[in-house]
Amino acid sequence: MKARGFTLIELMIVVAIVGIFAAIALPSYNSYLARGKIVEAMNGLADYRVRMEQYFQDNRSYGAASAACPIPVGTSKYFTFSCVAGAATPTVTYVATATSIAGALGAAAGSYTYSVDQSNARATTKFKDATVAKSCWLLKGDEC
């Protein structure tokens, strides 16, 4: 009678192949999940900028210089938001910032910091734990 089944070597080859696929796929999947959460910061900053412009239309200022902005900053599951008003003369300014909460995007995702100002100048100062100086909001890689 002929035996049916797999040999130990065949099983070990399959386990090795599955391990290789997992080693390649898992970091990519974690990066994909982090990119999905980063959009929350971008949406929050864009919304906050609109609310600050509405405040400026009503009050002709963004708030007291070197103080927190007068519009309450929203909350988020993955990011903390802050805003500081700039000098009152000659140009009224503000800078709103979104900083990732430690570990909220996933342990391997790193930390991120995005900002926007009164002229809609967007910047990324931290991306995947690395300090960067980009004049855009990075989502994937180093290109804007």
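Let me begin with a definition: a residue is called buried under 20% relative accessible area, exposed over 50%, and partly exposed in between, using a 1.4 Å probe and protein chains only. This is a predicted model, in which local features need pLDDT of at least 70 and side-chain atom pairs count only at pLDDT 80 or more, while totals for chains, interfaces and linings use all residues. Residues are numbered from 1 along each chain as its sequence is written, and side-chain values use heavy atoms, with hydrogens and water left out.

I turn to Val-84. At 46% relative accessibility, Val-84 is partly exposed. Val-84 belongs to strand E1, residues 79-85. Helices (H or I, at least four residues) and strands (E, at least two) are DSSP runs numbered from the N terminus. Contact means heavy atoms within 4.5 Å. Beyond its neighbours within four places in sequence, Val-84 contacts Ser-66, Ala-67, Cys-69, Tyr-94 and Val-95. Of these, Tyr-94 is ten residues from Val-84 in sequence, with a C-alpha to C-alpha separation of 5.6 Å.

How many salt bridges does the structure hold? There is one, the term meaning a side-chain nitrogen of Lys or Arg within 4 Å of a carboxyl oxygen of Asp or Glu. Asp-47 pairs with Arg-51, their closest N and O atoms being 3.4 Å apart. About one helical turn separates Asp-47 and Arg-51, because they are four residues apart in helix H1, residues 8-59. Asp-47 is partly exposed at 43%, and Arg-51 is partly exposed at 27%.

Finally, Arg-35 also lies in helix H1. Leaving out residues up to four places away in sequence, Arg-35 touches Leu-139 and Lys-140.
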